[in-house]
2 protein chains.
Amino acid sequence: MNAVAELQAIAGAKTVLGPDEAFTERHLRDFNIVAPESARPVAIAYPASTEEVSKILAYCNAHDITVVPQGGLTGMCGGAVPFRPALLMSMERMRTVEAVDADGATMTVQAGVTLDTVQKTADANNMLFPLDLGGRHAHIGGNASTNAGGNRVLRYGMMRDLILGVEAVLMDGTVISSMNRMIKNNTGYDLKHLFVGSEGTLGVITRLVLRLHPKPLSVSTALCALDSYDSAVKLLRHVKPRLGGQLSAFEVMWPEFYYTGTAALNRRPPMEPKPETGIYVLMEAMGGDPERDAEHFASVMELALEQGIVLDAVIAQSAKEARDLWSIRDCPGEFPAAGHFPQLGFDVSIPTGQIGEFAKQVHERLAAHWPKHKALYFGHIADGNLHVSIRLDENSGTEHEMDEVLYALVGEWKGSVSAEHGIGVHKRPYLHYSRSPAELALMRSIKSAMDPKGLLNPGKVI
Amino acid sequence: MNAVAELQAIAGAKTVLGPDEAFTERHLRDFNIVAPESARPVAIAYPASTEEVSKILAYCNAHDITVVPQGGLTGMCGGAVPFRPALLMSMERMRTVEAVDADGATMTVQAGVTLDTVQKTADANNMLFPLDLGGRHAHIGGNASTNAGGNRVLRYGMMRDLILGVEAVLMDGTVISSMNRMIKNNTGYDLKHLFVGSEGTLGVITRLVLRLHPKPLSVSTALCALDSYDSAVKLLRHVKPRLGGQLSAFEVMWPEFYYTGTAALNRRPPMEPKPETGIYVLMEAMGGDPERDAEHFASVMELALEQGIVLDAVIAQSAKEARDLWSIRDCPGEFPAAGHFPQLGFDVSIPTGQIGEFAKQVHERLAAHWPKHKALYFGHIADGNLHVSIRLDENSGTEHEMDEVLYALVGEWKGSVSAEHGIGVHKRPYLHYSRSPAELALMRSIKSAMDPKGLLNPGKVI
């Protein structure tokens, strides 16, 4: 094909392959979404440098070829999946860790470095890169472009809070290098936050300066049983000041989720389910005083028990016991084995104090349509983030039917239809429930200013 | 004047005043910069609602009247000072605290609420709004539009990290309401970060959702003497992990600054200056365990003394002693009394590990031009932020001459010409030292997309 030959002439025959030469299949799906047949790629590019990314984009812009940037393809919403013929730009050859600055607590990386490598490199330098989520072979550039979240957002923030500098290439080939390494930098508009979370529609992220944190010297973990969601909010307000900024996870699980999680464990649960338990909380704190942190954590829990906020609690006495407690929370990975599969997952947010009531309404709305459906509720409630997993079976609706019901309800509550997974293609029809016409118009005007021809990751987000 | 009458007809005679009716003088300067004679305002608007802001902007946009939004006028760079005839839009009547959500840890406010009121309202609700800086009669909307910093950024982040939601009005009157109240919200482009830090050039911020933190239950404060800047970096790396996320200030003072600060105190300094001391550090930690935090803090300091990182240290034994230690760091407020006045202040950033060497080069460059100049060095070094204060006298150059020398050096070091004060008009000529032509072009293209006629706060930032 002509475009492939011309691109090879510009960027090298190793960098651009035609769809017949490349391992095309693996570029046609993410964790949830598969490309349609009609989306056979024009070419697949594997640039090894920012300069190559720039040359390829400039060519495509001049020749009206759409481009879909791709990271580790671990996304949930199809943001990196092609839906029409396009050049796919995989960042997998840009996998160099360029520098670690221990004094400044930063790491400079190319976008194709995996999250796993970033975590391990930080650890080897006696520091912590706190972003943690299921898909650790995600590219760090993909984590940036989707503003990834996960379990420790409460303490360390979202991916955008872990980025100091960004380099990205616009569709016309312009390299925007904002590789800032300082926490404070007020020199004009913060372009970094435009590229972070825009899912590859405004530019292709090529390099990042990441912010590192000190490695924790102690970790304390507890599983608690409480009577109701409102008690979980009370517990959060009890522990936040007393753990003085050390609280690193506060994961809430409704009983059905807990039963599924402990059943998947295939051994005796750390805490027997009791009928009076209305909610479970998995809590984690990371501190700096190995000698005294465990004692303080236990005394904070003791007080919560005395005050009747918590019905019962188990504190992990070893790293193994902590892992066992976490394995209940991590059970979504075991949903197929637990018979809760196929499932439809929701990732929404609502202010923390309202999640209990909102979850009840979700149940009522779903039950009104599908009385026998089975749903599991869990979430990072300190961040306002609720997950709902509905088993797809003869008792449920179709994905589309249930999406409509749930996202409309999120709209009524002025919540967010995507807390951490992004919009991609999957949630695009529901974006209007969370953003006003004026906001959407402004997003479109920014998109037009940065990609006038609309060639970069078209059909995603807006 | 016609425009005044028409604006009064639209927005009310109380909301729009002609320059003869209003207290015009106080609208013509900020902390550092005074408006030129030629900048006599067209009118002064005091809107009390978002709707009034919208009507006034739409009128001005249709009639090609430039608009300068104003908060508490405590800025340092002239961002809110008019430089040509314009409508001045003061937010001082928009001073309602609309809601405090204790469970979600948020406060919803109008833009004209002062920082002081926000801090006190949080405190009255047993929470902390951690932004802290000298000008507490700053408007919170001004803090947002300049992305204010201060002493506790190390622990709690910049102003942008303390904002969950923003409502702003574009120059054409469009209201962009992104009043998100959740920590996680990945629904399209993050418009909030466009308005934050753009100094009123992209929209007028009218309302905010602020993020609150738990009130600390313990505060520990120490003043340390060290041999050199490099030891201060060692101390930072020593305390960060051991204080497990509780470190809330790490303020570095070079000896001349310390002498000036202690002289201004007018009493015996907490630590006698010694010739072997090359640097002073004021450290603060905020924790959750009043019984044990002081002991742990002391043991961390003890270890630093044993390991020779620190030469000497004083730990405050009471809130009064802590205030006394802080008063040395806060001595820039006493510069006039200390004879260090008039002065030229610099606010720049450089990666933490390089600040010692950079400060030496600043001194050499300045000394090469003005051998007898007097400069004081201090900074929030954990954020990479260095302040330099040069006395303006017969031994110094002019402001412009010294700006040229210092900002060119910042450019050579790839640092930031504004760490926390912003660009305004004052630093606009030096922005190119920190941002590339491609970055500046992209900023201009965003400005054009959002304010096509260039009527909103013209001549500021870009």
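Reader: Which residues do ring pairs link into a cluster in chain A?

Author: The model is predicted, and over all chains 14 aromatic pairs are found in it. In chain A, ring pairs join three residues into a cluster: Tyr229(A), Trp254(A) and Tyr377(A).

Reader: Are the rings of Tyr229(B) and Trp254(B) stacked or edge-to-face?

Author: Tyr229(B) lies in helix α7 of chain B and Trp254(B) in the loop between β13 and α8, 25 residues apart. Both Tyr229(B) and Trp254(B) are buried. Their ring centres are 5.7 Å apart and the planes stand at 15°. Planes under 30 degrees apart count as stacked, so the pair of Tyr229(B) and Trp254(B) is stacked.

Reader: Why is the pair of Phe358(A) and Trp413(A) called edge-to-face?

Author: The centres of the two rings, Phe358(A) and Trp413(A), are 5.5 Å apart. Planes over 60 degrees apart count as edge-to-face. The pair is edge-to-face because its planes are at 75°.

Reader: Is Trp413(A) buried or exposed?

Author: Buried means under 20% relative accessible area. Trp413(A) has a relative accessible area of 18%, so Trp413(A) is buried.

Reader: Which elements give two or more residues to the lining of the largest cavity?

Author: The largest cavity has a volume of about 170 Å³ and is lined by 18 residues. Among those nearest its centre are Asp293(A) and Asp293(B). Two or more residues come from each of these elements: α9 of chain A and α9 of chain B.

Reader: How many residues lining the second largest cavity are charged?

Author: The second largest cavity holds about 70 Å³, and its lining includes Asp293(B), His296(B) and Phe297(B). The lining divides into four nonpolar residues, five polar and, as charged, one.

How values were computed. Residues numbered from 1 in each chain as written. Chains lettered and ligands numbered in written order. Predicted model: local features only at pLDDT ≥ 70, side-chain atom pairs only at ≥ 80, totals over all residues. Heavy atoms only, no water. 1 Å grid on protein atoms, 1.4 Å probe; cavity = no way out; pocket = protein on both sides within 12 Å on 5 of 7 lines; lining within 4 Å. Points joined across faces, edges and corners; volume = space filled by probe spheres on them. Helix = DSSP H or I, 4+ residues; strand = E, 2+ residues; numbered from the N terminus. Nonpolar A, V, L, I, M, F, W, Y, C, P; charged D, E, K, R; others polar. Phe/Tyr/Trp six-rings, centres within 6.5 Å; stacked < 30°, edge-to-face > 60°. Buried < 20%, exposed > 50% of the residue type's maximum accessible area, 1.4 Å probe, protein only.
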